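This report looks at a single protein chain. It moves from the overall fold to individual sites.

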Amino acid sequence: MQTDFIAYVRHEEKLLLLRRNKSDTNFPGLWDGVYGHGAGPEDVLARVADVTGLSMEDLSLQAEGPDRGIDMGRSLVDVVPYLVVTASDDVNPTGVYDAAEWIDPGNMQDYDCI
């Protein structure tokens, strides 16, 4: 069964934030984790690799949380959070993302996040 998910990517003590393109129809210019749809952990890791340019060999799934209702503007969507750890910090955002920053998680409030 396909579910919506958000993958938070960690490298050492830093958290990866990705900025959505200004042309994104849902959340233009906002910072986010890796959002996607999939049927399990392999789909999560594949999506992270696809939009960040990180190698699948550098990624490992560390945790999965319970789904949560997220307000997506026009509807409430159940989204499953995942924590993914990477051995590399070399990110090249693609798809709906146009920028990436590794941040101290304590500074997340400084970003205009979804």
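## Overall fold

The model is predicted. It holds one helix and eight strands. Along the sequence, the elements run β-β-β-β-α-β-β-β-β. The radius of gyration is 13 Å, close to the 13 Å that the globule rule gives for 114 residues, so the protein is as compact as a globular protein of that length.

The C-alpha trace spans about 35 × 35 × 25 Å along its principal axes. Of the 114 residues, 39% are buried. Take the contacts between residues at least 6 apart in sequence: 66% of them join residues at least 24 apart.

## The helix

Helix α1 covers residues 41-52, twelve in number. From first C-alpha to last, α1 reaches 16 Å, close to the 16 Å expected at 1.5 Å a residue. Just after α1 comes G53, with a positive phi of about 80°.

The buried residues of α1 are V44, L45, V48, A49, V51 and T52. An α-helix has 3.6 residues a turn, so residues three or four places apart point the same way.

## V34 in strand β4

V34 sits in strand β4. V34 is buried, with a relative accessible area of 1%. Beyond its neighbours within four places in sequence, V34 contacts F5, I6, A7, V9, L18, R47, V48, V51, T52 and Y97.

R19 lies 15 residues from V34 along the chain. Their C-alpha atoms are separated by 9.9 Å.

## D4 in strand β1

D4 belongs to strand β1, residues 3-11.

D4 does have a polar partner. Its side chain and that of Y35 are joined by a polar contact of 3.0 Å. Setting aside residues up to four places away in sequence, D4 touches Y35, G36, H37, V77, D78, V79 and V80.

Notes. Residues are numbered from 1 along each chain as its sequence is written. This is a predicted model: local features need pLDDT of at least 70, side-chain atom pairs count only at pLDDT 80 or more; totals for chains, interfaces and linings use all residues. Side-chain values use heavy atoms; hydrogens and water are left out. Helices (H or I, at least four residues) and strands (E, at least two) are DSSP runs, numbered from the N terminus. A polar contact is a pair of N or O atoms within 3.5 Å; within protein, one must be able to donate a hydrogen and the other to accept it, and residues adjacent in sequence count only if both atoms are side-chain atoms. Contact means heavy atoms within 4.5 Å. The expected span of a helix is 1.5 Å times one less than its number of residues. Buried means under 20% relative accessible area, exposed over 50%, partly exposed in between (1.4 Å probe, protein chains only). The radius of gyration is taken over C-alpha atoms; the globule rule is 2.2 Å times the number of residues to the power 0.38.
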